[in-house]
Structures are given as structure tokens and as C-alpha cells.
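Here's a quick tour for anyone meeting this structure for the first time. We'll look at charged side chains and who pairs with whom.

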Amino acid sequence: MSRDISPPAGHYSHVCVAGGFAYISGQLPVDAHGKPLGDLPFEDQVRQVLANLDACLAAVDATRRDLVQVRVFVTDMGQWPAFNRLYAEWIADHRPARAVAASSALHYGSAVEIEAVALSPAH
């Protein structure tokens with residue numbers, strides 16, 4: 001795994017490749033040293049989660065353009081416009097399938113978590 005993301009804190013892998021797809025586990029706002037950032041403002045948490053997704057994609061030689069599905073969990077649906085703006089800036093004109101779900105709580109007091117599926121060109 002990349003040095004840009006901390007090792008998993010539980011019994012899972014950040015990315016598993018099967019059948020030409022990369023399955024990316026739910027990414028939280030945790031920095032590369034393993035420090036949870038759930039106390040930061042929502043937009044900073046989103047930026048960290050997206051950076052973690054980039055690190056997971058890079059680990060399997062994939063890019064944002066290889067994403068085929070993204071699932072987003074937020075604790076406050078009122079933050080959806082801010083998330084959508086940051087996400088659109090991050091992913092540009094690529095538009096994978098996407099779902100959003102409200103969650104009453106996320107690990108480490110986080111406000112956002114994202115999991116995804118991407119094509120894995122190197123595997």
C-alpha cells in the first residue's frame with residue numbers, strides 16, 4: 001500500500017482486486033500517519049477522504065477515471081451541497097455511478113466515508 005495512507009486499523013484491506021475490479025473499502029478522514037481527523041471541518045474531512053481514495057487507486061495503478069461506482073455516507077445531509085461541490089472539483093468531467101446515504105454515526109466521529117469500485121487496469 002502507498003505511504004500516502006495509513007495501514008488499516010481493523011481486519012481488512014484498503015483495496016482488494018478481483019475480476020479486473022478494485023474494491024476500495026470505506027475511507028474515512030484519517031491521515032497518512034493513522035490520525036483520525038473527525039474533529040476537522042466537514043470540507044477538510046472530505047478532502048482527506050478523497051486523498052485516501054487517490055492513494056488506494058494509485059496502489060493498483062488506477063486513476064479517478066477508472067472509478068465505476070462511488071458510495072458516500074454522510075452524517076448530515078445538509079452537508080451534501082458542500083460534498084457535491086468538492087467531489088465535482090476532484091473528479092472533473094468523469095461521472096461514475098454514485099449513491100449517498102445518511103448515517104447516524106461514523107467511526108472516529110467522522111462526518112463522511114466513501115467506498116468505491118474501479119477498474120483495475122494492471123491486474
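This is a predicted model: local features need pLDDT of at least 70, side-chain atom pairs count only at pLDDT 80 or more; totals for chains, interfaces and linings use all residues.

A handy term to begin with: a residue is called exposed when its relative accessible area is over 50%, buried when that is under 20%, and partly exposed in between (1.4 Å probe, protein chains only).

Residues are numbered from 1 along each chain as its sequence is written, and side-chain values use heavy atoms, with hydrogens and water left out.

Now for the pairs. A salt bridge here is a side-chain nitrogen of Lys or Arg within 4 Å of a carboxyl oxygen of Asp or Glu. How many salt bridges does a search of the whole structure find? The search turns up 7.

| Salt bridge | N to O distance |
|---|---|
| Arg47 and Glu43 | 3.7 Å |
| Asp54 and Arg64 | 2.7 Å |
| Asp93 and Arg65 | 3.0 Å |

Let's take Arg47 and Glu43 to start. Both sit in helix H1 (residues 42-59), and because they are 4 residues apart there, about one helical turn separates them. Helices are DSSP runs of H or I with at least four residues, strands are runs of E with at least two, and both are numbered from the N terminus. Arg47 is partly exposed at 42% relative accessibility, and Glu43 is partly exposed too, at 28%.

Next up is the salt bridge between Asp54 and Arg64. Here the pair links distant parts of the chain, with Asp54 in helix H1 and Arg64, 10 residues away, in the loop between H1 and strand S3 (67-74). Asp54 has a relative accessible area of 25%, so it is partly exposed, and Arg64 is partly exposed at 29%.

Asp93 counts as exposed, with 60% relative accessibility.

Finally, a stop away from the charged pairs. Gly19 is in the loop between strand S1 (15-18) and strand S2 (21-27), and at 77% relative accessibility Gly19 counts as exposed.
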